[in-house]
Amino acid sequence: MASHRKPRRRPTAGGTARTAATIALAGAATATGLDGTGHAEPQPTPGQVKAEVDRLYREAEVATEKYNGAREKAREAAQRLRDLQDQAARKQERLDTARDALGSAAAAHYRSGGLDPAVQLVLSDDPDRYLRNAAFAERAGDRQHWAVAGVRKRLREIEQLRGAAHVELTSLKSWRTELKTHKSTITGKLGSARRLLSRLTAEERARLGAAPRAARSTGARDGLAAPGPAMSQAPDSRAAAAVSYAYRKLGSPYVWGATGPDAFDCSGLVQAAYRSAGVSLPRTTYSQIDAGRRVSRSELRPGDLVFFYAGISHVGIYVGDGRMIHAPNPSAPVRVAPLDEMPYAGATRVV
């Protein structure tokens, strides 16, 4: 028996629109609350902004040290490639000279007619002279044989050099790709930090610039206006010279990837300070920590390199009294700061 229930009506397009509008209004009512005011996402406090900015700066510094290392590897690969290309060019010049000599010898042989030696002897007006010339020709043939062998050897050497150059070129391209990746990471992190700081008032930014990190640093020069005491306690004259250089650079801006003379990142400042003292140090914190003898915190003397964070991503120069000079981050210049400013990881004495 057929059912007499009325078929369910499908909603029309107008009904669908009315339903959507109802849902939207209900959502708006929920968002606005009783007083009709919308609930915006709460603004982070200055302290929260600082914590996030510090995190971004640390991550940018890790990427900076990786960038510095990749840049050094790229420079080394480029230098090896140039050396290989120079060697190949010099060998190519010698090869071209040898080929020209062989070509001249072959042309002379062709002009002589290439007659059978017995026939030439019979036809010669002066057999004794012919025999003397034949002996000379035989010796010349030996020399030509060695010349051919030399050409073949140079060809093999050039091919080997070209193969090595291809390997270095591939390596160079790889390091350059890595450089671009690290640079993108650095600029992204620093850009995020700048945007966060821009949400604060000038007064809030000034307060954050003074506390807690900058307040503990006692400013760029406050408290240690002269390096005399630190230099007198340094292990030797080179360490003292590095400390003196670091003092002269107080107030210099932080710029990632910079090694002076007017701007620095953390490892760039350390490298430049010891370079001024005649000591060559590696470019990155990861390598600098192994550039000398490890010393305990209780053994620290001015000039020692002090490292921070578990990943050894930050470095400063110890100047005595529990303090160091370092290049902190883009919002702070080269300055004096306590070792407790960051998680201490170890120290190295390089002289």
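Which helix gives the largest share of the lining of the second largest cavity? I shall come to that in a moment, after a word on the model.

Good morning. This is a predicted model, in which local features need pLDDT of at least 70, side-chain atom pairs count only at pLDDT 80 or more, and totals for chains, interfaces and linings use all residues. Residues are numbered from 1 along each chain as its sequence is written, and side-chain values use heavy atoms, with hydrogens and water left out.

Let me begin with the cavities. A cavity here is a set of points, on a 1 Å grid over the protein atoms alone, where a 1.4 Å probe fits but cannot get out. Grid points are joined across faces, edges and corners, and a volume is the space filled by probe spheres set on the points. The count is 2 cavities of 30 Å³ or more. The second largest cavity has a volume of about 50 Å³. Its lining residues, meaning those with an atom within 4 Å of a point, are Y57, A60, E61, T64, L190, Y254, W256, P328, N329 and P330.

To return to my opening question, helix 2, residues 46-111, supplies the largest share of that lining, with 4 residues. Helices (H or I, at least four residues) and strands (E, at least two) are DSSP runs, numbered from the N terminus. By class, the lining has 7 nonpolar, 2 polar and 1 charged residues. In this scheme Ala, Val, Leu, Ile, Met, Phe, Trp, Tyr, Cys and Pro count as nonpolar, Asp, Glu, Lys and Arg as charged, and the others, Gly among them, as polar.

I turn now to the nonpolar cores. In soluble globular proteins, nonpolar side chains tend to be buried together. A nonpolar core is a set of buried Ala, Val, Leu, Ile, Met, Phe, Trp, Tyr and Cys residues joined through side-chain atoms within 4.5 Å. Buried means under 20% relative accessible area, exposed over 50%, and partly exposed in between, with a 1.4 Å probe and protein chains only. The largest core has 32 residues, of which Y247, Y274, L281, L305, I317, I325 and V334 touch the most other members. Two or more residues come from each of helix 8 (237-248), helix 9 (266-276), strand 2 (305-308) and strand 3 (314-320). Helix 8 gives the most, 7 residues. A second, separate core holds 25 residues, including Y67, A77, L172 and L200.

T348 lies in strand 6, residues 344-349. T348 counts as buried because its relative accessibility is 0%. A polar atom of its side chain lies 2.7 Å from the backbone oxygen of I289. Beyond its neighbours within four places in sequence, T348 is in contact with residues including I289, D304, L305 and F307.

Finally, some backbone details. Most residues other than glycine have a negative phi, and most peptide bonds are trans. In this model, the peptide bond from G260 to P261 is cis, with omega near 5 degrees, and P261 sits in the loop between helix 8 and helix 9.

Y309 is buried at 15% relative accessibility, and I312 is buried at 16%. G311, also found in that loop, counts as partly exposed because its relative accessibility is 46%. The C-alpha atoms of G311 and A345 are separated by 8.5 Å, although these residues are 34 apart along the chain.

Thank you for your attention.

Methods. 1 Å grid on protein atoms, 1.4 Å probe; cavity = no way out; pocket = protein on both sides within 12 Å on 5 of 7 lines; lining within 4 Å. Polar contact = N/O pair within 3.5 Å; in protein donor to acceptor, adjacent residues only side chain to side chain. Contact = heavy atoms within 4.5 Å.
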